[in-house]
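Colleague: I am new to this structure. Could you take a single part of it for a close look, and then carry on from there in one connected account?

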Amino acid sequence: FPFPYTPYLIQEQFMAALYSALEAGRVGIFESPTGTGKSLSLICGALSWLRDFEEKKRQEEARLLALEDSGQEGEKRLPSAEPGHPDGKGTTGEPDWVTAFVKKKEEQDMVDRLKEELIRRKKQEDRLEKIRHNVQLKYAAKRKRSEEGETKGLLQLSKEVLSEGAGMDGLEQLDHNEEELILAEYESDEEKKVVSGLEEDDDDLEEEHVTKIYYCSRTHSQLSQFVREVQKSPFGKDTRLVSLGSRQNLCVNEEVRCLGSLQLINDRCMEMQKNKHEKKSDEENEGKKRRVSHTVCPFYSYEQMQFLRDEVLVEVKDIEQLVALGRETKACPYYGSRYAIPAAQLVVLPYQILLHEPTRSAAGIKLKDQVVIIDEAHNLIDTITCIHSAEVSGSQLCCAHSQLLQYMERYRRRLKAKNLMYIKQILYLLEQFVAVLGGNVNQNPSCQAVFQTGTVLKSINDFLFQSQIDNISLFKVQRYCEKSLISRKLFGFVERYGGPATAVKTNKENQKLAGLQNFLLTLQQGSDKEGDPPMDAENDQLRTASPLMQIEGFLSALTNANQDGRVILNRQGTIGLSSLKFLLLNPAVHFAKVVEECRAVIIAGGTMQPVADFREQLLSCAGVDPARVVEFSCGHVIPPENILPIILCSGPSNQQLEFTYQTRDLPQMMDETGRILCNLCNVVPGGVVCFFPSYEYEKQVYAHWEKTGLLTRLATKKKVFQEPKKANQVEQVLVEYAKCIKRCSQAGGQMTGALLLSVVGGKMSEGINFSDDLGRCVIMVGMPYPNIKSPELQEKMTWLDRTMPRAAGQAPSRVLIENLCMKAVNQSIGRAIRHQKDFASILLLDHRYARPATFNKLPQWIRERTQVKPAFGSAFAELRKVRTCILCTA
């Protein structure tokens, strides 16, 4: 395998197993600990297979074409039928000459298609080669763009001057602008897919998809890191790579970007495209009543997006470079990157795009016979569940009803019959959703008390019957919302009339709109009561201005099969605080199409243990043959002596360590935890990261240590940091933590570093590297079991017990709880060892980790080096020994 340096043995084994899985069309579960070069192994293994696959395909094509040429020569000499057998019959009962003719025709059609594909491929390669080497072409295109921009600017200026000279009344202009809020005539059976500019060159858009690899990960930063690894690899120069992302990440139109919310950006973008398509028909009707020209995105230029597509295919670029190129070329990176998909060999994209079928289709992704690699897949099941679950509050339902009712009243005379019909259906749905929570849409949700509080779970069908909406086709309503862009129109309407500062005319219609203003104002005042957490401006704007967008997601979720999900009615205090939530129970139904269509699927991660969830809940339920599933797990590249994992059963005062919900709040347990940390901080240099099961427990322990003076003792050796709840504060805390450790290591003295109190499942437990001095010791306080009293978890457990077989005598629900706990533990303790020369100790503070069933769920490379210590003394001696070795080495 080509590699940028001499690979580790485990990397060679990983690449060989990956190559074999891709060649055989398997579903693979691959585990390679962080710090072992997993990304490079994936790149070099997968692209080596793709290179060999393409070469075999080229050889087969050349063989077929050679046979065709020789066959044509032979045809000139051979008679049409064998002498003596003019009417010979084949096995099908047809004359031999008919069978031969049909077979010949099929072969000829295949060869003709092959020749067309070769011509198309040659044309594409020549174009890309020209762009790659002809720098003058780039400058010419750039100059042309500049000239076009100047011309457009002058034309716009002329139009503005003319419109000012016409002396149009300001009030009339406002009415013209309001035209864009009116819903277009809706045809439910409309299946048109209009793409601007198709008439210019539709040849390239019809391009067939070459065999490719779709690489997915969780975040855009992880994807950018992967692309940089590709750039450094031996395949970086000659791989056609495309990075996909959401409009939120790729949009370069500042007017649209400033909307903030992904849903608002999506709707605004779609509306601007629609405006572009309608522009021509508006120009044709110039003689009729003049309508205002709708805003069209200046970056949605087909010619420029073609240029961007070719630039993307010529050189590997990450998201940031793609956005910069879009700004430079005045082309939309979101659509330009999608035009590049058919010809790309490697497509890099977030989970959400691949795992959500409507988004996948909209992006132009075709999975048939392709390869999918899902990296950082430890939370794949949760990701699929979250993508296909949805929640709406009573406030959102009431607000959406009020907005839509006011919208319908204002534009009733302008709306076509089908629009009115669907709007009335949506209004009815909203009324029934609020009624099922025990409220009335015509009253302020913040003032309506709920008498029967609590949580109730229902099947989808039961919920539809109870809500009395089982006679409405949710599929048609969902399609209407999607095609009509009604949420975007409604948002524009509320922007115009919903704000308290907006001047509203005093005619009869607009007196009704004043009610919408007052309603929205009371909602805002209701949410700002004392004790409520402050909302940031963006969330506040979304909550009051565009609740229908959230509700559309809930309606879509209700179209799942009855057995695959549940609706949770959460009644709390007031209707405004109550909510309806759809919970997906069976993520396999949405993953099944991926594994069915793809040639091979690889699920990879640094910590995949325990893998039973993937096999049973995801693959088995998706109908994957167990024989098709392969597993690969490798050890770490660090020497055995560089890691010291210890399961500690009791503390310095012989207090048994068992952090159950009943015992962890006891003062003696919190004191014992503090004593362990004090002792460790005396001997462990650099940084110590301590994980607690929850934010609440970490806060409780911190307050107890403050009261007893233990925190002051800790602070003499390590400066204490706490993980913040807000995501935007995490980076600042990490920077300060790293600075403190560096300062202490350079200065010497009594303080030896820093102690970071973190939370399992928080921002510090995934994706953060505590390499070298940032994490010389990782401590896990107790076992982070999920809240078993959660209605969602209880329903999931019930569903598993009903649908899954028992494993080794254990109920599937019990296995789920254990697996969720150990997945969280494995993610957290894997933060410390990040490269071959790194070293750290790991302490698991709870005697229950020593139970065989739990112990066996630790990653193999940690498990085989783990020591179980019944008493603190022997564990402390091991840690002192490690420190002595470190000092001697230093």
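**A strand residue, and what lies beyond**

Modeller: Val371 is a residue of strand E5, which covers residues 371-374. Please keep in mind that everything here refers to a predicted model. The relative accessibility of Val371 is 0%, and the cut-off for a buried residue is under 20%, so Val371 counts as buried. Along the chain, Val371 and Ile602 are 231 residues apart, yet their C-alpha atoms are separated by 8.0 Å.

From this residue I turn to the open spaces. The second largest pocket has a volume of about 1,200 Å³. Its lining is made of 39 residues, and those closest to the centre of the pocket are Asp382, Pro786, Leu793, Leu820 and Ala824. Which elements supply at least two residues each to the lining of this pocket? They are helix H15 (380-387), strand E9 (574-584), helix H25 (612-620), helix H30 (791-803) and helix H31 (812-829). H31 gives the largest share of the lining, with seven residues. Sorted by class, the lining of the second largest pocket holds 18 nonpolar, twelve polar and nine charged residues.

The model has four cavities of 30 Å³ or more. In the largest cavity there is about 130 Å³ of space. The lining of the largest cavity consists of 13 residues, and Cys251, Asn253, Cys269, Cys297 and Cys332 are the ones nearest its centre. Helix H9 (residues 262-284) provides the largest share of this lining, three residues. By class, the lining of the largest cavity divides into ten nonpolar, two polar and one charged.

The structure holds zero disulfides. Cys399 is one of the cysteines without such a bond: the nearest cysteine sulfur belongs to Cys398 and is 8.6 Å away. A disulfide needs two cysteine sulfur atoms within 2.5 Å. Cys399 has a relative accessibility of 0% and therefore counts as buried. Cys649, at 14%, also counts as buried, because the cut-off is under 20%.

In one, the side chains of Asp318 and Arg228 meet at 3.7 Å, N to O. This pair joins distant parts of the chain, 90 residues apart: Asp318 sits in the loop between helix H10 (302-314) and helix H11 (319-329), while Arg228 belongs to helix H6 (residues 220-232). Are these two partners buried or exposed? Asp318 has 6% relative accessibility and counts as buried, whereas Arg228, with a relative accessible area of 40%, is partly exposed.

Another salt bridge is formed by the side chains of Glu631 and Arg615, with an N to O distance of 2.5 Å. Here too the pair links distant parts of the chain, with Glu631 in strand E11 (residues 629-633) and Arg615 in helix H25, 16 residues apart. Helix H25 was named above as one of the elements that line the second largest pocket. Glu631 counts as partly exposed at 43% relative accessibility, and Arg615 is partly exposed with a relative accessible area of 30%.

A further salt bridge joins Glu696 and Lys725, whose closest N and O atoms are 3.8 Å apart. Glu696 is in helix H27 (residues 695-708) and Lys725 is in the loop between strand E14 (718-722) and helix H29 (730-747), so this pair ties together parts that are 29 residues apart in sequence. Residues over 50% count as exposed, and therefore Glu696, with a relative accessible area of 52%, is exposed. Lys725 reaches 57% relative accessibility and counts as exposed.

How values were computed:
Residues numbered from 1 in each chain as written. Predicted model: local features only at pLDDT ≥ 70, side-chain atom pairs only at ≥ 80, totals over all residues. Heavy atoms only, no water. 1 Å grid on protein atoms, 1.4 Å probe; cavity = no way out; pocket = protein on both sides within 12 Å on 5 of 7 lines; lining within 4 Å. Points joined across faces, edges and corners; volume = space filled by probe spheres on them. Helix = DSSP H or I, 4+ residues; strand = E, 2+ residues; numbered from the N terminus. Nonpolar A, V, L, I, M, F, W, Y, C, P; charged D, E, K, R; others polar. Salt bridge = Lys/Arg side-chain N within 4 Å of Asp/Glu carboxyl O. Buried < 20%, exposed > 50% of the residue type's maximum accessible area, 1.4 Å probe, protein only.
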